[in-house]
Structure formats: structure tokens, C-alpha cells
Amino acid sequence: WRVFLSVYFFSVLLAQMSDMPVLVALVASVIANTVTILLTFPLDTLKTRQQSALAVSPKPGAPPIKALFNGVLPVLLLTAPCCGLYFGIYESLQKRNMHQSLWYDIMSACVTQLVTGVFLVPTDMLKVGLQTGKYASPQDAINTFLKQATWQGCAEAMKRGLLLTYARDIPFSVLQMTLYAQLKRRLGENGWTGALCGSLAAASAAVVTNPIDVLRTQRMLSIDQRKLKRPLVNLFAGVGPRTAASALGGCIFFGTFEAVKPLVQLAASPVLGRWPAVASS
């Protein structure tokens, strides 16, 4: 509930500063995020299993396709408000980029990732644990977290995931959002160009940041990298599924985001016109 409350207060605050109501960006990004996760989650699971260097097999009798979706429901519920917060902040900052500056694109991506990164670490730790079979179910994961819920344990978990999350996600966001913004300015703003620009930007960022993603996944699972064979080659474990998931996810997300934004704004215009707190200034 704290995440949802944070999203609301950020939307109210940023709506006073934005030409486009932040509520539109929030709703459009949540819709796009939901569609993207549902379609790319199996690829993300394959990537995580390759990076973890664990031979995880589905439970006997369980269909393989079902095992590839382990953890999808809690991830959907937990990432939706974070994604809405991310694009609410990003759209508000970009409205001030009057001169279409590259440095402003970079600054916008950094600021949004710094704010939302702290919310994503617990979600990703849960996702990675469910995808690799470390936790049998979301309930098992919650019980494990509660048993270790001391200040020292929480601090250690955040330390284990947060620094590498920022080391991966800030460069990823800078590369992805900067390329996306620059390509979109050249090709125009609509659903099809948004999908193409998003796909190219996400795939490029995925390849560059894959080594940090490998270290992050293994750190979250408490895997000692020194015991792994071929450590340098291992840094590119899962690069195929990750790049494919990012390219497909970028295409779906940004295409859906650009296509849904005007529809959400049209549907919300009667409400936004009567609600000053979220109306455009």
C-alpha cells in the first residue's frame, strides 16, 4: 500500500508541473507493462535460469510452459505501480526538455531510475527466487522473508541487490531512454514508430548491461562467482533470451504505451477537467 500511496502523491505533485496529466502516463504505462510482462516472462525465466548456473527442472507432472511462468502474478502486482511511477516522473521531466537535449534525456533516465530502483529490488529478489525454484511458491517466499525479517537481514538483502540494481539499471535506462527519445524524434511519434524505437533501444541496452545483470542474479541467489567455471564467458550467460525479451518487450511496451496514451487521455478528459489535482496546468 505504501507503493500505491507513493504513486498517488507523485502523480498529484507532478501533475502540477506537467503539460500532459501524469495520470495518463501512469495508466498507459501500467497497461503496457502488464501486456509486456505476460508476453515476455518465459524468456525472462530462461535468462534467469541460464545466469544462475542451476539445472532447474519443472516439478514432475507439471507442464514446462507452466514452469516458465513461475512468479508472474506477484511480479505483475508489484511492478505495476513502480512502472507507473517511473513513467509518470519521466514524462514530467521530458516536458521540460524544450530544446530536445541529449543531456536532459540522460538526466531524466537517471533520476527516474534512482527513485524507482529501491522499490524494484524486493520484487526482483522474489521473481528470481521463484523462477529458479529457490522458493516453491509465493507463500513460501513470504514465509522465508518473514523468518529473516530483521533489520540486519533486510539491510543485507538490500545491500546485496540495490547496488548492483543501480549498476545495471541506470546504464540500461540511460541507453534505452536516450536512444528511444532520439529515434522517436527522427521517426515521429505514433504506435508503430514507438514500437520500433523501443525495440532497438531495449535490445541495445540489454546486450551492453548483460554482465552486470549476471552478477546481480547470482548475488541475489547467494551464488559464489569464484566457484563457477569460465567466469568471463559466464558474464554473457543468458544474453540471447535477455536480448530477445528486451527487444520484444521494448516493441510491445513502447508501442502499447504510445498507442494507449491518447486513448487514456480521451477517456479521462471528463474526469481530469473536474479534478484540479490531476488536471494539466
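Good morning. A word of caution to start: this is a predicted model.

Let's take the overall picture. The protein has 10 helices and zero strands. Read along the sequence, the pattern is α-α-α-α-α-α-α-α-α-α. There are 281 residues, and 50% of them count as buried. Now the contacts. Take those between residues at least 6 apart in sequence: 82% of them join residues at least 24 apart. The exposed surface comes to about 14100 Å². Carbon and sulfur atoms supply 70% of that area.

Next, helix 4. Helix 4 covers residues 72-94, which is 23 residues. From first C-alpha to last, helix 4 reaches 31 Å. Where does helix 4 kink? At threonine 79, by about 35°. That is shortly before proline 81.

Is proline 81 buried or exposed? Proline 81 is buried, with a relative accessible area of 6%. The cut-off for buried is under 20%. Of its 23 residues, 20 are buried, so helix 4 is largely enclosed by the rest of the structure.

Now a residue from another helix. Serine 29 lies in helix 2, residues 22-52. Serine 29 has 0% relative accessibility, so it counts as buried. What does serine 29 touch? Leave out residues up to four places away in sequence, and the list is Cys83, Gly84, Phe87, Phe253 and Phe257. Compare serine 29 with proline 81. They are 52 residues apart in sequence. In space, C-alpha to C-alpha, they are 9.3 Å apart.

Last topic: the empty space inside. Rolling a probe the size of a water molecule over the atoms shows where such space is left. How many cavities of 30 Å³ or more are there? The count is one. About 1000 Å³ of space lies in that largest cavity. Its lining has 38 residues. The closest to the centre are Asn33, Ile37, Leu120, Arg168 and Phe172.

Which elements give two or more residues to the lining? Helix 2, helix 4, helix 5 (102-131), helix 7 (151-187), helix 8 (191-220) and helix 10 (239-274). Helix 2 gives the most, with eight residues.

To recap. Helix 4 has a kink at threonine 79. Helix 4 and helix 2 are both among the elements lining the largest cavity. Thank you.

Notes:
Residues are numbered from 1 along each chain as its sequence is written. This is a predicted model: local features need pLDDT of at least 70, side-chain atom pairs count only at pLDDT 80 or more; totals for chains, interfaces and linings use all residues. Side-chain values use heavy atoms; hydrogens and water are left out. Helices (H or I, at least four residues) and strands (E, at least two) are DSSP runs, numbered from the N terminus. The expected span of a helix is 1.5 Å times one less than its number of residues. The bend at a residue is the angle between axes fitted to the seven residues ending there and the seven starting there. Buried means under 20% relative accessible area, exposed over 50%, partly exposed in between (1.4 Å probe, protein chains only). Contact means heavy atoms within 4.5 Å. Accessible areas come from the Shrake-Rupley method with a 1.4 Å probe; for residues, only the protein chains shown count as cover. On a 1 Å grid over the protein atoms alone, a cavity is a set of points where a 1.4 Å probe fits but cannot get out, and a pocket is an open set with protein on both sides within 12 Å along at least five of seven lines; lining residues have an atom within 4 Å of a point. Grid points are joined across faces, edges and corners, and a volume is the space filled by probe spheres set on the points.
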